[in-house]
Amino acid sequence: MIIGDDILKQFNIEKESQSKPVEKKKYDKPSQYKKDGEKILESKGYADMAENVIYDKEKKELRFFNLTTSKLRKLLAMSSGIYNYVLNQDECDKDELLSKIIYFKMKCIYECGRECKDKQDFNKFMKFAKIVKALEYIIDNKDTIDIREEYILFNRYMESLIAYHKYHGGREQ
């Protein structure tokens with residue numbers, strides 16, 4: 001599948017030949033935390049990363065005012081279907097799991113495309129939270145990582161995003 005340059009730009013995804021080195025920083029700037037192709041989420045840091053995506057500690061305010069909990073829960077509902085598949089299978093079919101993850105990635109991109117031009121917070125959130133990049137890491141490294149463990153970590157990150165959004169007073173609808 002060939003992805004157009006406009007979609008790559010929308011999600012701040014660079015082609016491999018154009019990737020630029022990114023300076024490593026703390027979790028205060030999650031959108032710049034890792035280079036393309038590197039692991040996005042760590043088991044000991046995903047909750048802190050989620051809080052810093054949602055809440056700007058310096059300004060003491062939510063980063064995305066128009067982002068709603070219901071929109072986040074919609075994403076989590078899609079993610080949880082895969083998560084339940086992973087947990088309920090002793091040995092899940094790697095190809096089927098990968099297919100589900102690729103489909104979820106496509107649904108995330110679709111949700112960004114659906115958003116109105118005047119409500120850009122969801123698109124900014126998706127880029128800042130690196131949700132698509134985290135899924136791409138799993139897809140691109142399918143032969144060298146434990147896909148099940150990485151997806152469980154990804155789903156916990158999604159749950160953390162919702163928890164911190166709710167905790168810091170994010171909008172319901």
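Me: Two residues are in contact if they have heavy atoms within 4.5 Å of each other. With that in mind, which residues of H3 meet H7 in this predicted model?

Reply: On the H3 side they are Thr 69, Leu 72, Arg 73, Leu 75, Leu 76, Ser 79, Ser 80, Ile 82, Tyr 83, Val 86 and Leu 87. Their partners in H7 include Arg 148, Tyr 151, Phe 154, Met 158, Leu 161 and His 165. Sorted by class, this contact has 13 nonpolar, five polar and four charged residues.

Me: How do you know which way H3 and H7 run relative to each other?

Reply: Look at the angle. H3 (residues 69-88) and H7 (residues 147-167) pack at about 155 degrees, with their axes 10 Å apart. Angles over 145 degrees count as roughly antiparallel, so H3 is roughly antiparallel to H7. Their crossing is left-handed.

Me: What makes H4 and H6 roughly parallel or roughly antiparallel?

Reply: Helix H4 (residues 94-114) and helix H6 (residues 131-140) pack at an angle of about 160 degrees, and their axes lie 10 Å apart. The cut-off is over 145 degrees, so H4 is roughly antiparallel to H6. H4 and H6 also cross in a left-handed way.

Me: Which residues of H4 and H6 meet, and of what classes are they?

Reply: Among them are Leu 98, Ile 101 and Phe 104 in H4, and Ile 131, Val 132 and Leu 135 in H6. The contact divides into eleven nonpolar, no polar and two charged residues. Lys 105 in H4 and Glu 136 in H6 take part, and both count as charged because Lys and Glu belong to that class.

Me: Why is H5 called largely enclosed?

Reply: A residue is buried if its relative accessible area is under 20%. Seven of the nine residues of H5 are buried, so the rest of the structure largely encloses this helix. The buried ones are Asp 121, Phe 122, Asn 123, Phe 125, Met 126, Phe 128 and Ala 129. Just after H5, Lys 130 takes a positive phi of about 60 degrees.

Me: Which residues have the most contacts inside the largest nonpolar core?

Reply: They are Phe 125, Ile 131, Phe 154 and Leu 161, in a core of 46 residues. H7 gives the largest share, nine residues. Leaving aside neighbours within four places in sequence, Leu 161 is in contact with Ala 50, Val 53, Ile 54, Leu 72, Phe 125, Ala 129 and Ile 131.

Note on methods: Residues are numbered from 1 along each chain as its sequence is written. This is a predicted model: local features need pLDDT of at least 70, side-chain atom pairs count only at pLDDT 80 or more; totals for chains, interfaces and linings use all residues. Side-chain values use heavy atoms; hydrogens and water are left out. Axes are lines fitted to C-alpha atoms, for helices over the stretch in contact, and angles run from 0 to 180 degrees between N-to-C directions. Helices (H or I, at least four residues) and strands (E, at least two) are DSSP runs, numbered from the N terminus. Angles under 35 degrees count as roughly parallel, over 145 as roughly antiparallel, 65 to 115 as roughly perpendicular and the rest as oblique. A crossing is left-handed if the near helix is turned anticlockwise from the far one by less than a right angle, and right-handed if clockwise. A nonpolar core is a set of buried Ala, Val, Leu, Ile, Met, Phe, Trp, Tyr and Cys residues joined through side-chain atoms within 4.5 Å. Buried means under 20% relative accessible area, exposed over 50%, partly exposed in between (1.4 Å probe, protein chains only).
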